[in-house]
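I open my notebook on this model.

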Amino acid sequence: MSPEGFGEPQGGAPTNYDVRRVRALYPALADGSAWLDGAAGTQVPQAVVDAIAGAYRHGIGNVGGAFPASRRSAELVAECRRAVADLVGGDPDGVVLGPNMTTLTYRLAAALAAGWGAGDEVVVSRLDHDANVRPWLQAAARTGANVRWAEVDLATGELPAEQYDALLSPRTRLVAVTAASNVLGTRPEVAAICAKAHAVGALTYVDGVHAAAHGPVDAGALGADFFATSAYKWSGPHVGAVVADPALLDTLHPDKLASSPDRVPERFEQGTSPFADLAGVVAAVEHLASLDAAAAGTRRQRLLGSMAAAETHELELFGVLLDGLEAMGHVTTYGKAARRTATAYFTVAGMTPPAVAERLAARKVNVWNGHNYAWELTGALGIRDAGSAVRAGLVHYNDRTDVDRLLDGVAGLAP
Ligand SMILES: Cc1ncc(COP(=O)(O)O)c(C=O)c1O
């Protein structure tokens, strides 16, 4: 594990990564598409489908009852917390589960802002997905706290960590920063940024939604007081999670029903949980742990090994993808951060991003177009009003054929 808490590119170190074996586990991949839309949500392996179906097939009950189906649901919740904790290196008792990262972030922002007042400060970044920006801006506005912005170097897509020295003060209450950009792939120096935040007594809220899909994560090593993730980005169902120290969660008091548990982490979870989907999350984590067939040890150790192998695989393919795009005179790529995920963002001369996506879709090459909620970043780049750009991202199940099909498709769009 790198000191940054997010795996360093392995530089082509040999792994036992067998992408053909991995692909065979995903029924949806058999439809013949090049699935390059993983950054917006991945496909799920059969094991996840089976786990969700199995939970329903066995009979499902709400928690708190005296009968077996109810006890199974309680066990599913506990298993899900253990699985997410293993994935990010957290404490199962600090895993808050919810519908998605955005909803959970609004919930945490409201709870944290209850302790803010006029003159306090919050630091957000121009690199982040809007789900790690707007909830903090709106919470700050309600409390009279001031917002300070970390800016992106638009030529490179980097979020320089040094700027935080000038942004932080003893009044800083929270620093919200992404572990990886969902469009440029930039992986900022989160550990350095969090260390600076802690030095002035601020809390850190790290958006790991994009990052967790692309390499091993150690939320503690990152210095993330809160680490947010979403299972649908890493082969699971639509379930979000925020992981924190249970002792920290215990200091917060979100709005809740009188009758719902006041324990941590349940205090932060509203209404009835999607129990069958939680079984799917557990299966997704098990799946990630087994991506590298040779990974051994505890589930956490297998996750670290498998995600490092998957990252190496992604970055090798990404080198081909990026070199191919950059060699095309009619293509402009955005972002060249030193540390990044395998996520390309580009425009094609003379064509709008939706038109590019349509032409590629006609060849069964699935990509995204638009701002992808990187609202501030696409605005700063000056491309948002013109439809932003096209995003093609690699995940652990993509192979060379997917890359070649994208490159062929884009080459065919030359004027
Ligand atoms: C980097 C990043 N952060 C946050 C989100 C929001 O996640 P969710 O859909 O779970 O609310 C996304 C979703 O695309 C994302 O890519």
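Predicted model: local features only at pLDDT ≥ 70, side-chain atom pairs only at ≥ 80, totals over all residues.

**Entry 1: the ligand.** An oxygen atom of the ligand sits 2.8 Å from a polar backbone atom of Met-101. I check two side chains next. For Tyr-232, a side-chain N or O atom is 2.5 Å from a ligand oxygen. For Lys-233, I read 2.6 Å between a side-chain N or O atom and an oxygen of the ligand. How much of the ligand's accessible area does the protein cover? On its own the ligand has 390 Å², and the protein covers 90% of that.

I then list the residues around the ligand. Among them are Asn-100, Met-101, Thr-102, His-129 and Asn-182. Asp-207, Val-209 and His-210 also belong to this shell. I sort the shell by class and get three nonpolar, six polar and two charged residues.

**Entry 2: the seven-stranded sheet.** I trace an open sheet of seven strands. Its order is β2-β8-β7-β6-β5-β3-β4, and the pairing is mixed. Which strands stand at the edges? They are β2 (95–98) and β4 (146–150), and each pairs on one side only. On average, neighbouring strands here are turned by 20° against each other, direction ignored.

I pick one pair to follow. Strand β7 (residues 226–230) and strand β8 (residues 240–244) run antiparallel and are joined by five bridges. In this pair, Ala-228 stands opposite Val-242 of β8.

Helix α4 (residues 101–113) lies across β2, β5 (172–178), β6 (203–207), β7 and β8. Its direction is at about 170° to β6. Helix α5 (residues 134–143) lies across β3 (121–125), β4, β5 and β6. For α5 I note about 160° to β3.

**Entry 3: the four-stranded sheet.** I find another open sheet, with four strands in the order β9-β10-β13-β12. The pairing is antiparallel. Why does one side of β9 and of β12 lack a neighbour in the sheet? β9 (331–333) and β12 (368–370) stand at the edges with a single partner strand each, so one side of each is left without a neighbour. Neighbouring strands in this sheet are turned by 35° against each other on average, direction ignored.

β12 pairs with strand β13 (residues 389–393) in the antiparallel sense, over three bridges. Trp-368 has Arg-391 in β13 as its bridge partner. Helix α11 (residues 299–326) packs on this sheet and touches β9 and β10 (343–348). The direction of α11 makes about 15° with that of β10.

Entry 4: Which peptide bond is cis? I find the one from Val-264 to Pro-265, with omega near 5°. Pro-265 is in the loop between α9 (246–249) and α10 (275–289). I also stop at Asn-372. Its phi is near 50°, a positive value in a residue other than glycine. Asn-372 lies in the loop between β12 and α13 (375–381).

Note on methods. Residues numbered from 1 in each chain as written. Heavy atoms only, no water. Near = heavy atom within 4 Å. Polar contact = N/O pair within 3.5 Å; in protein donor to acceptor, adjacent residues only side chain to side chain. Areas by Shrake-Rupley, 256 points an atom, 1.4 Å probe, with all protein chains shown as cover. Nonpolar A, V, L, I, M, F, W, Y, C, P; charged D, E, K, R; others polar. Pairing = 2+ DSSP bridges. Helix = DSSP H or I, 4+ residues; strand = E, 2+ residues; numbered from the N terminus. Axes fitted to C-alpha atoms, helices over the stretch in contact; angles between N-to-C directions. Contact = heavy atoms within 4.5 Å.
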